[in-house]
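Student: I'd like to learn how to read helix packing and chain contacts in a model like this one. Could you take me through it?

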Amino acid sequence: METNRRSFLKIGGLCTLGLATLPIHELLAKTDLPRVASNPEAFHGKQWAMVVDMRKCWEKGKAGCKDCIDACHKVHNVPEMGNVKEEIKWLWTDNYENVFPGQGNPYNIENLRGKPFLALCNHCANPPCVRVCPTQATFKRADGITMMDMHRCIGCRFCMAACPFGARSFNFREPRPYIPELNMAYPTRERGVVEKCEFCSERLEVGLMPACVEACKVGGLAFGDLADPKSNVRKLLASNYTIRRKPELGTEPNVYYIVS
Amino acid sequence: MLERAFKGDQRYFRWLMLLLVLMGMGFASYLVQLNRGLTITGLSRDVSWGFYIAQFTFLVGVAASAVMVVLPYYLHNVKVFGRITILGEFLAVASVTMCLLFIIVDLGKPMRLLNVLLYPTPNSILFWDMIVLNGYLFLNIIIGWNVLEAERKGVHYPGWVKPLIYLSIPWAVSIHTVTAFLYAGLPGRHYWLTAIMAARFLASAFCSGPALLILLAYLVKKYTKFDPGKEAIDKLSIIATYAMVISVFFVGLEFFTAFYSKIPSHMEALKYLFVGLEGHRTLVPFMWLFAILAVVALVLLINPNTRKNEKTLKIACAAVFLSMWLEKGMGLVIAGFIPNPFDHVREYSPTIPELMIVLGVWATGFFILSVLYKIATTIKEETA
């Protein structure tokens, strides 16, 4: 097809005119229905939360079991960077005195020595990371999940400075070559953005429990809606003594731990 | 006016060439960083801000200090500062430019920088920092340029500049207050979580800035026919003295609160800086150098004989600038991340490419400063 300046401008003008009718169309075709149908299988909650039962993990789980971590990192294409400096982790373990700094005494530290404690994003009800983000690339969802928009993040790492739980990792280099086994059903990230646990929002959407919860063979992880008094997490919280990480900071973490 | 920047002696152009070479080297290193990511820096998951952000923080102070010549001149009619307000304003322009460059080189996704404007987020302090820094840059360019142009023409500057000058005074305070708020409002970073952070920032700014301005005034006096005047330097040195005393006093307050309360999380960062923590002591020699330089500066500044002597005043100013750079342009930002939220000590030290980028940005700042000072001093020579 031959194109000259005149026909190019004509087509361009027509296209612009066409676009101009878009608001009219939206006005006439206005509806309360959502633009995208939600999955009927999806789980709905007002404040998702997790209860980590460390007793089950230690007593029933095999020593050195990493099922939950492996499942999470595999499903979410979390790269293995191979060094502490650039490490990327969504779910991991550390010692009691490190996960709960300031709460240990020489005796309980001794009793718990060598026992792993799970750490992950706390999906705080009052998250400092969301407060400081200059682009709303990290934001709070209506269901209580603290979410990341990897396409909006400018990589300023203010959220990493603001998070008192060390839950956030930065892609210092191109992460894709370091993904052991690519899961085509979940996006990978680029270098220069921050990432963290997202409470498996993509799985809740299709009626699946978070990958770590599903992977734990001893039922050490419980996930549910705090706003629902009949939920499993509320039952666990009602019948057990639980602790949270750094409650004095007022961020209101939504990950609870049963220690004994 | 700009044409005056293109006429100069050989020494001037050699100096600019040297800066251009450094800028080129920094830019080349930045291209490597752009290609490979921030992995080329010493930054880590645990110390996620380092030299770039520390330089930014320090230079915001240098920029804010222009107010120390503008305020006395316009509000208190201190005539001797009339000759050097332009030096302060142009120093602010160069410093803020460096600040903005340091932010850009620190970003993981610099091509998305405009997201900050596209999705304005008033609850983020970084959003406000962007507004106050850019505002301050434009205020100083507009004020400096118009006042200088009026001086060249031998007329009074236009009336509309005056409100901008008054606005620039609280604005200078705002840039450093907002920058302090970047740190002072974060839960869990105990070294930064102090109500006197903004006050500390302003005090250290008002000594390091005037100290640099005094050194620059001596350089201008040596290499041009424009003499900023002994009285102006005397007044500036008194300002630097008071600010330095307050600055060191504030550091002392931090020590008292931490070590008298004996709350471990409050003591840890200070211990890391001055004696080392769990065997990690990379910054210890630098922090002791800070302490020694601060004492030297105080002794030379408080004693009127050494303060009024050109030679010892220069040493004192260099000591002020270097000590405050060590304290703020290095220790403060890095120690905020140590120990990490898991009580592990993971240290940070910059890499060679990282330092090259830092050097490149400083060279850019000094390039801008040299060109602006060339224009200003040439006009001062012409109208003298």
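Tutor: Let's start with handedness: a crossing is left-handed if the near helix is turned anticlockwise from the far one by less than a right angle, and right-handed if clockwise. Helices here are DSSP runs of H or I with at least four residues, strands are E runs of at least two, and both are numbered from the N terminus. Helix 4 of chain B passes helix 14 of chain B in a right-handed crossing. Keep in mind that this is a predicted model, where local features need pLDDT of at least 70, side-chain atom pairs count only at pLDDT 80 or more, and totals for chains, interfaces and linings use all residues. Residues are numbered from 1 along each chain as its sequence is written, while chains are lettered from A and ligands numbered from 1 in the order in which they are written.

Student: At what angle do helix 4 and helix 14 of chain B pack?

Tutor: Axes are lines fitted to C-alpha atoms, for helices over the stretch in contact, and angles run from 0 to 180 degrees between N-to-C directions. Helix 4 and helix 14 (residues 352–383) of chain B pack at about 155°, with axes 9 Å apart. That makes helix 4 of chain B roughly antiparallel to helix 14 of chain B (under 35 degrees is roughly parallel, over 145 roughly antiparallel, 65 to 115 roughly perpendicular, the rest oblique).

Student: Which residues of helix 4 of chain B meet helix 14 of chain B?

Tutor: Two residues are in contact if their C-beta atoms, placed from the backbone, lie within 7 Å. On helix 4 of chain B, they include B:Phe90, B:Met98 and B:Phe102, and the partners on helix 14 of chain B include B:Trp362 and B:Tyr373. The residues of this contact divide into 18 nonpolar, four polar and no charged (Ala, Val, Leu, Ile, Met, Phe, Trp, Tyr, Cys and Pro count as nonpolar, Asp, Glu, Lys and Arg as charged, and the others, Gly among them, as polar).

Student: Where do helix 4 and helix 8 of chain B meet?

Tutor: B:Leu87, B:Gly88 and B:Leu91 in helix 4 of chain B meet B:Leu213, B:Leu216 and B:Ala217 in helix 8 of chain B. These two axes come within 11 Å and cross at roughly 115°, again in a right-handed crossing.

Student: How many residues does each chain give to the contact between chain A and chain B?

Tutor: Chain B gives 33 residues and chain A gives 40. On the chain B side, the largest share, three residues, comes from helix 6. That side divides into 14 nonpolar, 13 polar and six charged residues.
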